[in-house]
Amino acid sequence: MKKQNAFVLCVMVLAFQMLFFGCKPDVSTQNTLVAGKGQAKYVFLFIGDGMSMSQISSAEVFATARASKDIEVTRLGFSQFPVTGLVTTYDAGTFITDSASAGTAIATGNKTLSGVVNMDVGKTQEFKPITEYIHEAGMKVGIVSTVTLNHATPASFYAKAPSRSNYYDIAVQLAQSDFDYYGGGSLLQHNGKNGDEQSAIDIARSNGFTYVDTKETINALKPGSGKVIAISPVLQDDGAMTYEIDRKRDELSLADFTRKGIELLDNPKGFFMMVEGGKIDWASHANDAGAAIHDVLALDAAIGVALEFAKKHPKETLIVVTGDHETGGMTIGFAGTQYDTFFDKVALQTRSYVAFDEEVLKPYKAKTPANAARLADLIPAIQQSFGVDYNSLTDFQKEQIEFAFQRSMGNEQIRSFAEDIYVLYGGYEPLTVKLTQMMNQTAGIGWTSYAHTGVPVPAFASGVHQEIFGGYYDNTDLYYKLASVMNLKVN
Ligand SMILES: [Zn+2]
């Protein structure tokens, strides 16, 4: 081939690649669809916030240990998906991303700084999320999360903000959006940080949204209800849905919000739904494996609802499951238990750390002066909440719990004991975090951090064009892969 012709061909190939995959032709080879298959018309993206293999494997080992003493692994529904990939998560400023930059990477294909939602590192240029292209293509869009709907991960699918903490501004962008279904946790600071702004809920209503926050009104929603914001009637910490471990049987679950989303979004032109299990992250920040594991199982149940839908539309549905980063540096294995695990102990936990704080520790603190506080008063509640047999603990363990208890009760003289309070308790209630850590350790679960970590996350795919989600790639590639399966012409 003549040099000139080769150049022309090269330019043509590059232009073709840029047309379909944006300005990153290096990733396009991984995103090539198998010819002869139609575009994905129904696309589900499940994001386990803070979920990497440790959280997933722990849920699997837990599910096994709950049923038998055999050494085997009970697979979750999504970990049996036919295609598995690995995804790097670093952002523009650190190997350890936060949810805002990770959400930006997945939703727009761009790296940015931690804390920034769909804007560049200079916080001047806005990035257009994939959901806007999806909406322009005539498909419906749904966004579901167990945490507040204006939290970083869901926000990445409809908003642009220099800071994820601009909750009111993000809530207003949700209210002014033209997407079809928002479901799950509430809108944090919906009437402004100081409560003196026009409610984003009112703005949403004037923009044509139906806003519902009771079980009856949510259940009554039917196709044709128009644009909907459906908020869980039961909220726990910071306006989020309750942890799965604390959820009463008659409370709406993440699976319920997913099922309602399918019902409302299903239409001849198709839909895209992002569903976030947001509290896997929150539980992992607090080093509470029991709460994290139950929320992984709740995410798996929600994915099961999507799988049921996929059975009816096998040639047109794609389900992708991933995490945005790992949280807590969780692992299966602890120095004190060496090669053994005792995950059946995790099944003895009956409350999340939040429920223990709210239902046990706070009421006790409210009625008990620090100098009258006795750990013995709380032992029955501790045993009932965490399955810890206090008498079986070592003197060293009892000492650590006593110190944490004194610290939770505000006894100042105890402070000199700990050279680094943050490393010990991470800003949580000292007694509660010590109890979950100790209980996790006796089960053989270790934690290294109260923040995120920089390990990759897995991706699982099932459905039409599932094969392009195999391999080892970057979180920005998820954007290009999702765009290509829906045949979107993205920038
Ligand atoms: Zn996150």
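**Entry 1: D238**

I began with D238, which is exposed in this predicted model, its relative accessible area being 55%. I found D238 in the loop that runs between β6 (228–231) and α10 (254–265), and I noted that D238 has a positive phi of about 55° although it is not a glycine. Since exposed means over 50% relative accessible area, I could see why D238 is given that word at 55%.

**Entry 2: the loop between β4 and α8**

I then looked up Q189, which lies in the loop between β4 and α8 and has a positive phi of about 55° without being a glycine. Q189 counts as partly exposed, at 27% relative accessibility.

N191 is found in the loop between β4 (181–184) and α8 (200–206), and I recorded N191 as partly exposed, with a relative accessible area of 27%. Leaving out residues up to four places away in sequence, I listed Y168, D196, E197, Q198 and S199 as the residues that N191 touches. I also looked up the C-alpha atoms of N191 and V172, which are separated by 9.4 Å, while the two residues stand 19 residues apart along the chain.

**Entry 3: N287**

Is N287 buried or exposed? I found that N287 counts as buried, at 2% relative accessibility, and that its place is in the loop between α11 (279–285) and α12 (289–312). When neighbours within four places in sequence are left aside, N287 is in contact with G328, T436, Q437, N440, W447, S449 and Y450.

**Entry 4: helix α14 against helix α17**

T436, one of the contacts of N287, turned up again in α17 when I looked at how α14 meets that helix. Helix α14 (residues 375–386) and helix α17 (residues 430–443) pack at an angle of about 45°, and their axes are 12 Å apart. The two helices are therefore oblique to each other, and α14 passes α17 in a right-handed crossing. On the α14 side I wrote down L375, L378, I382 and F386, which meet L431, T432, L435, T436 and M439 in α17. By class, this contact of α14 with α17 has seven nonpolar residues, two polar ones and no charged ones.

How many residues of helix α18 (residues 475–485) are buried? I found that 11 of the 11 are, so the helix is largely enclosed by the rest of the structure; among these buried residues are D477 and K481, as well as L478 and Y479.

I then turned to helix α4 (residues 99–108), whose axis comes within 6 Å of that of α18 and crosses it at roughly 30°. Angles under 35 degrees count as roughly parallel, and α4 and α18 are therefore roughly parallel to each other. In α4, the residues A102, A105, I106, A107 and T108 meet N475, T476, L478 and Y479 of α18, and I noted that the residues of this contact divide into six nonpolar, three polar and no charged.

Just after α18, I saw that N487 takes a positive phi of about 60°.

**Entry 5: the nonpolar cores**

Last, I looked up the largest nonpolar core, which has 60 residues, and found that L45, F157, Y158, Y182, I229, F469 and M486 touch the most other members. For M486 I listed the contacts beyond its neighbours within four places in sequence, and these are Q39, A40, V43, I130, I134, M139 and F272. A second, separate core has 50 residues, including V144, A306, V346 and I445.

Technical notes. Residues numbered from 1 in each chain as written. Predicted model: local features only at pLDDT ≥ 70, side-chain atom pairs only at ≥ 80, totals over all residues. Heavy atoms only, no water. Axes fitted to C-alpha atoms, helices over the stretch in contact; angles between N-to-C directions. Helix = DSSP H or I, 4+ residues; strand = E, 2+ residues; numbered from the N terminus. Parallel < 35°, antiparallel > 145°, perpendicular 65-115°, else oblique. Left-handed = near helix turned anticlockwise from the far one by under 90°. Contact = heavy atoms within 4.5 Å. Nonpolar A, V, L, I, M, F, W, Y, C, P; charged D, E, K, R; others polar. Core = buried A, V, L, I, M, F, W, Y, C linked by side-chain atoms within 4.5 Å. Buried < 20%, exposed > 50% of the residue type's maximum accessible area, 1.4 Å probe, protein only.
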